[in-house]
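Good morning, and thank you for coming. Please look at the structure on the screen while I take you through a few of its features.

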Amino acid sequence: MISCLIYVLFGTPAIAAVAVLAAILYYYTTNTYDKWLKLKVPHDPPWPLVGNTAKMMTLIEHQLTTIDGIYKRFSGEKYCGFYQMKTPFLMIRDPELINNILIKDFSNFADRGFHKDPALNIIANGLFFMEGPKWKMMRQKLSPGFTSGKLKLAHNQIAECSDELMRFIAAKMKENDQIEVKETMSKYSTDVIGTCAFGLKLDTVKNEGSDFRLYGRKILKLSFRFLLAEMVSPKILKLLGVAEFPPDASAFYESAFKEVIRYREENGIVRHDVAQSLIEARKELVLDSTDENGFTEQHIIANAILMFLAGFETVSSTLSFCLYHLALNQDVQEKIRDEMNSKLKQHGKINNDFLVNLHYTDMVLAETERMYVVTNALFREAVKTYHVPGDTLVIEKGTKIMIPIYSIHHDPTYYPEPYIFDPQRFSPEEKAKRQSSTYLPFGDGPRFCIGKRFAELEMKMVLSQIITTFRILPCEKTEVPLKLQNGLPMMVAKNGIWLRFQSISE
């Protein structure tokens, strides 16, 4: 009937066919746009095809700018809706409701809602993407690799990597005292996660051509695959048969970690690290299991790759942003240096007791993580229908939830003058005043970041050496403010982070 009407109106079969296709496309791209209207959820009217995220998708602005704009437009609301293309998202703005979703009523929102295809994404079977009982089981198997006891055992290995980094910086300074710190910190964090988690001595700091760094950069940089997967639809990738990760990078990491597991098993090597946790999980969940629908070898390899990638990128980003603000805030740098020197006199060396007592350093790192969150938002999916307490809203099963961490961390309601770097926000007194669920750099609840304590140990170790040895200063290449690279779900300085290192002994 519709096609006949269009034919009458437009006259020729070709024009009629184009009009029919346009009508079908319009319907397909807008048929979800009545969701928030029906539920009386405040939202901006969406545009056909692009929803409310046109500037983000076309790389005109960073993802966090788009999300923050939505957050600010609905100031005073507990929640609001928006559409990423045709997908409806419920943005949660209220800390109490966030606390319910992440902790109190976690069982209703246990999954992240990223339904990845293992054939196209090698880490689709990793802990971050896993759902339901499988996620819970794998989390239990990997957690022993991150206990406080295991962290103490890793102390000397981290120290060796930190010492190597210091030698690298000293050698670099002889050539040029201006150093791009993001890549430098990435070398360090790659070596740490390699040796501590997998027993691999990568020597990335000394080896400019390390395959582990080469493929790590390749995976994390902006790519056509990423845009299709995260901003358009994973279904398009499946239809086209395009992998989300570069195939050569996937093949390299899969081969490397299979070899680690094979070598340890054949030689009876037992170490108290992540690789050992994976080996034990493999034995129990794969080799000795009779459940045909249970775990496979790919679950083990996926988690090895995920732990490696997450381990080096998160730490290097936080460290580089921290050094950037220490360079711009010399008073903070002097205060953190005074604390470190004082604690060194007390403990005699950089050991576990020394690191535990760096309270002001903890405040500096917390403020860095507030301003530069590793991920701009937390995502959940309702696995059950949920009636919001004290509200008329019913969140239907399958609804995608977004918790805008960056926006909450920069909301003056919780953090006055949020764009000023101020570690005092995290003094015990200030923390006690602040509402819960307003500081979420590592998430919260059962899906809280498994590697938090490991990352903090690693960062405090290297900062202690850098700050007590060098004065960090801005240089001609230091951008103020930093420009961020669009198209990525994380905060990455577009032109790097360049700083000057000056020896304190001079």
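I begin with a pair of helices. Helix α16 (residues 297-328) packs against helix α19 (residues 359-371) at an angle of about 110°, and their axes are 9 Å apart. That makes α16 roughly perpendicular to α19, a label used for angles of 65 to 115 degrees, while under 35 degrees counts as roughly parallel, over 145 as roughly antiparallel and the rest as oblique. The axes are lines fitted to C-alpha atoms, for helices over the stretch in contact, and the angles run from 0 to 180 degrees between N-to-C directions. On the α16 side the contact is made by T318, F321, C322, H325 and L326, and on the α19 side by V364, L365, T368, E369 and M371. Contact here means heavy atoms within 4.5 Å. Helices (H or I, at least four residues) and strands (E, at least two) are DSSP runs, numbered from the N terminus.

A word on the source. This is a predicted model, in which local features need pLDDT of at least 70 and side-chain atom pairs count only at pLDDT 80 or more, whereas totals for chains, interfaces and linings use all residues. Residues are numbered from 1 along each chain as its sequence is written, and side-chain values use heavy atoms, with hydrogens and water left out.

Let us turn to charged side chains. Side chains of opposite charge can pair when their charged atoms come close. How many salt bridges does a search of the whole structure find? The search finds 28, where a salt bridge is a side-chain nitrogen of Lys or Arg within 4 Å of a carboxyl oxygen of Asp or Glu.

One of them joins E396 and K35, at 3.0 Å from N to O. E396 lies in the loop between β6 (394-395) and β7 (400-403) and K35 in helix α3 (residues 35-38), so the pair ties together parts that are 361 residues apart in sequence. E396 is partly exposed, at 37% relative accessibility, whereas K35 is buried, at 18%. Buried means under 20% relative accessible area, exposed over 50% and partly exposed in between, with a 1.4 Å probe and protein chains only.

E313 forms a salt bridge with K182, with 3.4 Å between the closest N and O atoms. E313 is in helix α16 and K182 in helix α10 (residues 181-198), 131 residues apart, and the pair links distant parts of the chain. E313 is buried at 10% relative accessibility, and K182 is buried at 18%.

In the pair K433 and E430, the closest N and O atoms are 3.1 Å apart. Because these two are 3 residues apart in helix α21 (residues 428-433), about one helical turn separates them. K433 is exposed, at 65%, and E430 is partly exposed, at 32%.

Finally, consider R139, found in helix α7 (residues 132-142). Leaving aside neighbours within four places in sequence, R139 is in contact with L127, P446, R447, F448, C449 and I450.

Thank you for your attention.
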